[in-house]
Amino acid sequence: MKTDELETKLSKLDRSVLQNFILDLYQHHPGVSDSIETLVLYNDPPELKKAIAKRIQSVKRGRKFIDWAEVAGFAQTLESIVNDIEQGLLDTSPEYAFELIDKLLVTAAGVMNRVDDSSGEIGEIYLGATILWLHAAKAWNDKKTDWLERVYQLYQKNDFGVYDSLLPNSHVLFDKQQLQQLADRYETELLQSLKNNDSDQKLNMDALMAQVALSSVAEALQDPQLYEHSIVLNSPDPNDLQKKEIVAMYLRFQQLDGAMRWLDTEWDDRFKSDRLHLLEQVYQQNGDTEQLREIRYQIYQDEGTYHNFQRYLETLNPEQQQAARQTAIIQAEQGRNLVNSADLLFQLGEHERAQQFIINHYNDLQEVYYTQLSWLVKTCEQANCPLATTACYRALLLDILNRGKSKAYNYAARYFKKLDALACEINDFTPLIDHRLFLSQLKAEHGKKRSFWEKVKN
């Protein structure tokens, strides 16, 4: 049921039915009891504050390690706290909201030390909570607090990167004059760190931290020149990755001259694609259709994907599009990249050509990464190309058996059964060997892999 439909139906329910349902949830589902207790206190800010503070204290007192299997549940707990502060207190009692979100941020270091956050889910919640901290501070607007110092001190505790969203979003709390004061402070620190640096030291961490802080404030100021300045101070000859970041910042604020100044410098071949995509953004922003067409053609030629071909087509008139389509089919059949070429042919509706192309490159299929090959075989199935599908499933099956990946024999058995079913649909396997001969060769080469054949029988 869609959300809108559910909302409509709930609005028509009798109030007592909803009350009884919530009471039943509260009594029999402890996982939602805290949320229900908080919800009924939305009209009582002091009591709501106490209830949320108790939940934050529970997070702070926690000592148990949270492994990857438990992260989702813990993330839900944290997110519900953030949501209740924002929805229940930010508008009505911003001082309470700030006090609580500030307490929650204090738990960050302890939590990150005892959680497997390989998914980044917990870090994302603290990043969002940091932005709420700024909004709550703005809404409270306590004149006695030195907010510049509070922001500075909070960012100093950013050991796990959970406050990375603080400085780039500090314009929520500060005006341009205050942001410039903050920028001046970090620039002074950066210059001092560079001055004090031991020449034998490979990485000046103090300078790097000050640079990142300064560039983050530059982002809040929407000042790409300051962003560039922060990088060049620490790296007078920026590498291509740094140049990419500088250009992206100029483009974000539509300052094309600054972007082109760096794009016109020499870039390493490894960053050729990045540079072309950045140039594409420049020409799109300045409306230079001729240059945009040329750049998109280069990107399509280099990468050969259907997405980039479509982007190139957008710059052509109908007659040019038809000619480009025919050329693209011919180029795809020349097969610079097996998966990209096959996909382009499928997307253009040339299913038979795509099937023939895959079959012609059967020996190359086993060099394709598993995830790409798994995607390709599904595409072949959807396009009703049984011979190409067979080629892909054979490659998947042989990849597992040739490597002796016993943990994947369940998948191999499934591929085997798929091939058996496909064989019933195919009268002529040319240019592939027929199904019986394939099975004969398979048993000759892998007949001793008993665990695999047992799975095939089941």
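Okay everyone: why does phenylalanine 98 count as buried? Because its relative accessibility is 4%, and buried means under 20% relative accessible area, with exposed over 50% and partly exposed in between, using a 1.4 Å probe and protein chains only.

Quick background. This is a predicted model, where local features need pLDDT of at least 70 and side-chain atom pairs count only at pLDDT 80 or more, while totals for chains, interfaces and linings use all residues. Residues are numbered from 1 along each chain as its sequence is written, and side-chain values use heavy atoms, leaving out hydrogens and water.

Now, rings. The structure holds 16 aromatic pairs; rings of Phe, Tyr and Trp (its six-membered ring) pair if their centres lie within 6.5 Å, and planes under 30 degrees apart count as stacked, over 60 as edge-to-face and the rest as tilted. Phenylalanine 98 and tryptophan 133 make a tilted pair, 5.1 Å centre to centre with 50° between the planes. That pair links distant parts of the chain, helix α6 (residues 94–106) and helix α8 (residues 121–140), 35 residues apart. Helices here are DSSP runs (H or I, at least four residues), numbered from the N terminus. Tryptophan 133 is buried too, at 0% relative accessible area.

Phenylalanine 98 also pairs with tryptophan 147: the centres are 5.1 Å apart and the planes at 85°, so this one is edge-to-face. Tryptophan 147 lies in helix α9 (residues 147–156), so the pair ties together parts 49 residues apart in sequence.

Next, the core. A nonpolar core is a set of buried Ala, Val, Leu, Ile, Met, Phe, Trp, Tyr and Cys residues joined through side-chain atoms within 4.5 Å. The largest has 83 residues, and Trp133 is among those with the most contacts inside it, as are Ile85 and Ile122. Helix α8 gives the most to this core, with 9 residues. Apart from it lies another core, of 59 residues, including Leu345 and Tyr362.

Isoleucine 122 touches Val71, Phe74, Ala75 and Leu78, among others, not counting residues up to four places away in sequence; contact means heavy atoms within 4.5 Å. Helix α5 (residues 68–88) has 21 residues and reaches 30 Å from its first C-alpha to its last, close to the 30 Å expected at 1.5 Å a residue, where the expected span is 1.5 Å times one less than the number of residues.

Technical notes:
Helices (H or I, at least four residues) and strands (E, at least two) are DSSP runs, numbered from the N terminus.
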